[in-house]
Amino acid sequence: MTEVVDEAPRERSGAWRRTATVRRFFLTLFVVGQTVVASYFLLWILPYHGGTWVELGLLALFILLYMWIAVGFWTAVFGFVLRLIGGDRHSLLKRHPESELENTALAKTAIVMPIYHEPVQWTLSGLKAVYQDIERTGHLDRFEFHIISDSRDPNVWLQEQAEWHRLCEELGAEGRLFYRRRRVNLNFKSGNVADFLRRWGRRYRYMVVLDADSLLSAGTIVKMVQLMEREPNVGILQTAPTIINGESLFARVQQFANRLYSSLFATGLAAIQMGDAAFWGHNAILRVEPFMTHCGLRKLRGFGLFRGPIMSHDFVEAAYMGRAGYEVWLEPELGNSFEESPPTISDELSRDNRWSRGNLQHLWILLFGRKLRLAHRMALLNGIMAYLASPLWLAFLILTTVEAVQMTVASINYFPEGHQGLFPLWPEWRPEWAIGLALSTLSLLFLPKFLAIFDAVIHGFVRGFGGVWRLFFSVLLEIVVSVLLAPVRMMAHSRYVLGALLNVSLSWAGQNRTEETTWRDAFLTQFPGMLVGAGWSAFAWSLDPMFFLWSLPVAVPLVLAAPTSVVLSRVGLGRAFRKKGLLVIPEELTPVAVLDDARRARAVSDDEVPVITTVEAAVIRPRLNQLHLALARTDRHPRRAELLAPLVQRLADKGPESLSRNELSQVFRDRTALAELHRLAWRSAPDSFWGRRIASLGNTEPDEQKAST
């Protein structure tokens, strides 16, 4: 394979940058102007009109939170308007007619799936569906597939090797579907991809990155490559993935919200960012040569959280690509890009615990990164605010409570701290203004949801969501769920941010689970928030009935957090709503080839029940043993053989439970040790551990047993 050298980037056209500048100016004008008006109302609602330190703190927090909400609101409005007039004429897809793209030859492209302790058969069944979809297009010769693993557990990575080999045989993909497992994990997922690029990156002009739960249709992948060929200055092209395969009620709500609302938000975001878009780490195509040259991630040199490898790499890589003069685009019109959501709120919060630490690391890059474009700094700030907003909101509630205590318990202070002057400051109350401000803030949150309904009606997508009335009631249901979950997320994210900034690991959010949440787990994980909600509400009642009523939208969801998490995790409820035509999405009603292939492959794999464990199969099944021997290494150092010999003997005598995970990995990585273990297992007595495991196979594989004996 000859080395592929990328074209030199052409001179950047100033046209889209001028358009982006105008759009960002108006976005800033709307956001800042609206925030100034809202802040003025807040000042006159506060009893001392900002005359105390508490009220100044409330004002500062309000400005930050209101601006962040307003950015999302105006992004959605902008997306709605653009879709109303037929889309953004400056987008990449609008630049090139369909006939022009179809006549564009494809360059050699790697499709890369980094994995780490994923459900093996389920994950690789998705990759199989992508492979088959590309094969149907007739373009398979331009693509090669790479499974790059960081798995540490032998039961997982041995199964990965076996499933990869089975797929190669089933698809006839030898020499086209590759598997590599790193023996040393450095720098998380970005380190895994970097290791792949160092070894094989120069074979390819482009790289399509998939997550373990990602699916991309062949048509989308081919069009991405064609767009990159037509746009040599584009370094990263990002799709807007749709969430699919939701079974639990929680997952179906998330799936519905993503599918309905993302059309507006993604269109607006793409139109504002244009060639300075963010990269989300998957379901995207990258130009390999500049990515290898400019997007290497050095370790942070700060302190605590801000020292060591970058955990959340994608936004940073986009910023570095932009710094090097390449463009990064989000293209929402590239459809048939899919991913999955966590099945329960506990799963989501466990994931957010990891993501919050990575996003908060971006503070260091935001402040000290050199020569980054302002748009990419704003993208980093937006990612930080996704988690920092929760403790800011919590602080706002705390200061509000302090203000209520001062006004209820303490006597009126006509010369409060922070007030200077000869005349007293008279406290004033304007409840009607407070109601108006609250309603305007709620409109920023909920109006885009109803704009999305109008968008679906205008563009004829209503049938895909079950019809107008089912769509409307689905939106109302999603609003109720989002209101119930917002305080729960606030408490969890506040805790994660605090733990990250203190560089400590805290464990309230619960572990990753793929099954329904039990009542016991729900109360264990949500009890702190329930206690806070109940205590705060009781305290508010003791202060003032009006303050108690004001606290209920936050306190009630916290008190109900445990039953809410249990109910939302129920798969039966999710299926019942789908049967009624609620919370459905178009992809569930209209066949998509890659989705159908993945569902069929996963249904078959779900029905398979292994007789023995993966480790045991690697030892006693001759064909699997030969495969793992071929992938193992030969270490001729005599000292290593001496260290492994007692491990092999103990494993042969007592079975896998006698060794730690690391010891098992040492044995199965060594070709000589694995061959010796296979020989000892088949020569063991019938009443020994291995004798019983071989007998459990019965006559299912007589040819293999005959070969071994």
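User: Which residue of β12 stands opposite Thr242?

Analyst: Thr242 faces Phe338 in β12. This is a predicted model, in which local features need pLDDT of at least 70 and side-chain atom pairs count only at pLDDT 80 or more, while totals for chains, interfaces and linings use all residues. Residues are numbered from 1 along each chain as its sequence is written, and side-chain values use heavy atoms, with hydrogens and water left out.

User: In which sense do β7 and β12 pair?

Analyst: β7 and β12 (residues 337-339) are paired in the parallel sense over two bridges. Two strands pair if DSSP finds at least two bridges between them. Strands are DSSP runs of E with at least two residues, helices are runs of H or I with at least four, and both are numbered from the N terminus.

User: What is the order of the strands in that open sheet, and which ones stand at the edges?

Analyst: The order is β5-β12-β7, with mixed pairing. β5 (215-216) and β7 (242-243) are the edge strands; each has a single partner strand, so one side of each lacks a neighbour in the sheet.

User: What about the sheet of seven strands: what is its order?

Analyst: That open sheet runs β3-β2-β1-β4-β8-β6-β11, and its pairing is mixed. β3 (177-181) and β11 (327-330) stand at its edges with a single partner strand each, so one side of each has no neighbour in the sheet. From one strand to the next, the twist averages 20°.

User: How many bridges join β6 and β11?

Analyst: Four bridges join β6 (residues 234-238) to β11, in the parallel sense. Within these strands, Gln238 is opposite Leu330 of β11.

User: Which strands does helix α11 lie across?

Analyst: Helix α11 (residues 314-323) lies across β6, β8 (284-287) and β11, at about 150° to β6. Axes are lines fitted to C-alpha atoms, for helices over the stretch in contact, and angles run from 0 to 180 degrees between N-to-C directions.

User: Changing topic, how many residues are in the largest nonpolar core?

Analyst: The largest nonpolar core holds 139 residues, and Phe145, Leu237 and Phe668 have the most contacts inside it. Such a core is a set of buried Ala, Val, Leu, Ile, Met, Phe, Trp, Tyr and Cys residues joined through side-chain atoms within 4.5 Å. Buried means under 20% relative accessible area, exposed over 50%, and partly exposed in between, with a 1.4 Å probe and protein chains only. Helix α2 (residues 53-84) supplies the largest share of this core, 12 residues. A second, separate core has 36 residues, including Tyr204 and Ile310.

User: What does Leu237 touch?

Analyst: Leaving aside residues up to four places away in sequence, Leu237 touches several residues, among them Leu92, Met224, Trp329 and Leu334. Contact means heavy atoms within 4.5 Å.

User: Which phi value does His117 have, and where is its place?

Analyst: His117 has a positive phi, near 55°, and is in the loop between β1 (109-115) and α5 (120-137). Most residues other than glycine have a negative phi. With a relative accessible area of 28%, His117 is partly exposed.

User: And Lys371, is that one buried or exposed?

Analyst: Lys371 is exposed, at 73% relative accessibility. Its phi is also positive, near 60°, and Lys371 is found in the loop between α12 (345-368) and α13 (374-408).

User: Finally, how many helices and strands are in the chain?

Analyst: The chain has 28 helices and 12 strands. Of its 709 residues, 53% are buried.
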